[in-house]
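My notes follow the model below.

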Amino acid sequence: MEETWVLILTQRNPEHLIRVFDQYQQRTGHEPEHTIQDRFHGDAQMALLSLASVIRNTPLYFANKLHRALQETEPDNQALTRILISRSEIDLLSIRAEYKKKFGKSLYSSLQDAVKGDCRLALLALCRAEDL
């Protein structure tokens with residue numbers, strides 16, 4: 001069963017999968033994420049839930065990842081750098097908007113407050129601007 005879920009979630013385009021998720025919920029009364037939580041455990045569950053989250057709203061998925069990286073005792077500069085660089089030309093503006101909507105504070109301000117040292121200026125430059 002795990003292979004079937006992986007094939008479906010990795011070989012279809014996101015627009016199609018959103019429609020599949022909607023149909024699944026209409027037919028079963030549950031969101032796919034609920035079924036994944038019930039039927040899978042450990043790494044398989046975590047991977048499938050991550051895929052579902054990315055499919056539903058990619059910018060929100062990355063906003064959550066950035067927030068988690070900033071909430072560490074010491075911010076996870078490697079994760080912050082990896083996300084900001086990899087998404088900078090794709091959807092960083094959308095990620096910044098989702099971040100502000102969900103956490104009530106701009107990503108830029110969060111980076112300013114949490115990150116210290118040499119990495120701070122680089123991360124702020126990657127983020128590009130304050131969202132008003």
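I count rings of Phe, Tyr and Trp (its six-membered ring) as a pair if their centres lie within 6.5 Å; planes under 30 degrees apart are stacked, over 60 edge-to-face, and the rest tilted. The model is predicted, so local features need pLDDT of at least 70, side-chain atom pairs count only at pLDDT 80 or more, and totals for chains, interfaces and linings use all residues. Residues are numbered from 1 along each chain as its sequence is written, and side-chain values use heavy atoms, with hydrogens and water left out.

**Aromatic pairs.** I found four in the structure. One of them joins Trp5 and Tyr24 edge-to-face, 6.0 Å centre to centre, with 70 degrees between the planes. Trp5 sits in helix H1 (residues 2-11) and Tyr24 in helix H2 (residues 14-28), 19 residues apart. Helices here are DSSP runs (H or I, at least four residues), numbered from the N terminus.

Is Trp5 buried or exposed? Trp5 is buried, at 13% relative accessible area. Buried means under 20%, exposed over 50%, partly exposed in between (1.4 Å probe, protein chains only). Tyr24 is partly exposed at 22%.

Trp5 also pairs edge-to-face with Phe40, at 6.1 Å centre to centre and 80 degrees between the planes. Phe40 lies in the loop between helix H3 (32-39) and helix H4 (42-56), 35 residues from Trp5. Phe40 is buried too. I noted that ring pairs link Trp5, Tyr24 and Phe40 into a cluster.

**Helix contact.** I then checked H5 (residues 58-71) against H7 (residues 92-103).

Terms used:
Helix = DSSP H or I, 4+ residues; strand = E, 2+ residues; numbered from the N terminus. Axes fitted to C-alpha atoms, helices over the stretch in contact; angles between N-to-C directions.
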